[in-house]
Amino acid sequence: MVMSAIKVIIKVIAIAAIVAVGFVFYCNIRISTYSKARLYDDIEAVPHYHTALVLGTSPMSRFGGPNGFFVARISAAVQLYEAGKVDRIIVSGDNRRREYNEPEAMRRALVERGIPGEVVILDYAGFRTFDSVVRAKEVFGQDAFIVVSQKFHNERAVFIAGLKDIDAVGFNAADIGLRAGGVLTHVREWGARCKVFLDMISGRQPHFLGDPIDIG
């Protein structure tokens, strides 16, 4: 009887594992398929939008040097502005701790690259990609924009935008691949994509919304 119970438990675990793996693959394939036609690598092919939404990350890597993801996103945003593809740039990131301020770091980097400070709008409550995308519409009044991040991240952000009736495309910043923490970031992305569907089912809202802000 003990052996029979063990077999049942093993069977249940195996079925649960199969379902979990299937869910992960479904989420990833669904997001990639939806976003495929809405992502751009060639700056010349990018359509004009009033606003770019640059998704935040730390300017420094966990190893102490410059974060390649951050550097590439700043470069991509500069490309868009200099090519006349956008008029405003929202930099959205985490600022829940006094000593950690992604939006300010992004603004500084953009200004250092020659972007006028007055066109850069700071979103201090972009704690997650979901929050950044939804706040761009609900707080900053943008129902159409270009998302700036790496391709794998843009795919998820553009999919979230679609769920919220936002006309978003993505301009892909260079990816650092498997170097300097890139492996962990790519692995975490699989879980983040599953979270998109769980958020959709639960009706989750951003941590903060607040009063509308006119960005011009």
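## Close-up views of a predicted model

**View A. The cysteine pair C27 and C194.** The sulfur of C194 lies 4.1 Å from its closest cysteine sulfur, in C27, which is too far for a bond. The model is predicted. A disulfide needs the two sulfur atoms within 2.5 Å. C27 is accordingly in no disulfide, with the sulfur of C194 as its nearest cysteine sulfur. The structure as a whole holds 0 disulfides. C27 counts as buried, because its relative accessibility is 0%. C194 is buried too, at a relative accessible area of 10%.

**View B. The open sheet.** Six strands form an open sheet with parallel pairing. Their order is β1-β6-β5-β2-β3-β4. β1 (39-40) and β4 (120-123) stand at the edges. Each has a single partner strand, so one side of each lacks a neighbour in the sheet. Strands of a sheet pair through backbone hydrogen bonds, either parallel or antiparallel. Between β2 and β3 the sense is parallel, over 5 bridges. T51 has R88, in β3, as its bridge partner.

**View C. Helix α5 against the sheet.** Helix α5 spans residues 151-163. It lies across β1, β2, β5 and β6. Relative to β5, α5 runs at about 150°.

**View D. The largest nonpolar core.** This core has 27 residues. L80, I89, L110 and I146 touch the most other members. At least two residues each come from β2 (51-55), α2 (68-82), β3 (88-92), α3 (102-112), β5 (144-150) and β6 (167-173). Helix α2 gives the most, with 7 residues.

**View E. The surroundings of I146.** Which residues does I146 touch, leaving aside those up to four places away in sequence? The contacts of I146 include V46, P47, Y49, T51, A52 and L53. Also among them are L80, K85 and V86. V169, G170 and F171 complete the set. I146 is also one of the residues that touch the most other members of the largest nonpolar core.

View F. T129 lies in helix α4 (residues 129-138). T129 counts as buried because its relative accessible area is 10%, and the cut-off for buried is under 20%. The side chain of T129 makes a polar contact with the side chain of H153, at 2.6 Å. Beyond four places in sequence, T129 touches L55, H153, R156, A157 and I160.

Notes. Residues are numbered from 1 along each chain as its sequence is written. This is a predicted model: local features need pLDDT of at least 70, side-chain atom pairs count only at pLDDT 80 or more; totals for chains, interfaces and linings use all residues. Side-chain values use heavy atoms; hydrogens and water are left out. A nonpolar core is a set of buried Ala, Val, Leu, Ile, Met, Phe, Trp, Tyr and Cys residues joined through side-chain atoms within 4.5 Å. Buried means under 20% relative accessible area, exposed over 50%, partly exposed in between (1.4 Å probe, protein chains only). Helices (H or I, at least four residues) and strands (E, at least two) are DSSP runs, numbered from the N terminus. Contact means heavy atoms within 4.5 Å. A polar contact is a pair of N or O atoms within 3.5 Å; within protein, one must be able to donate a hydrogen and the other to accept it, and residues adjacent in sequence count only if both atoms are side-chain atoms. Two strands pair if DSSP finds at least two bridges between them. Axes are lines fitted to C-alpha atoms, for helices over the stretch in contact, and angles run from 0 to 180 degrees between N-to-C directions.
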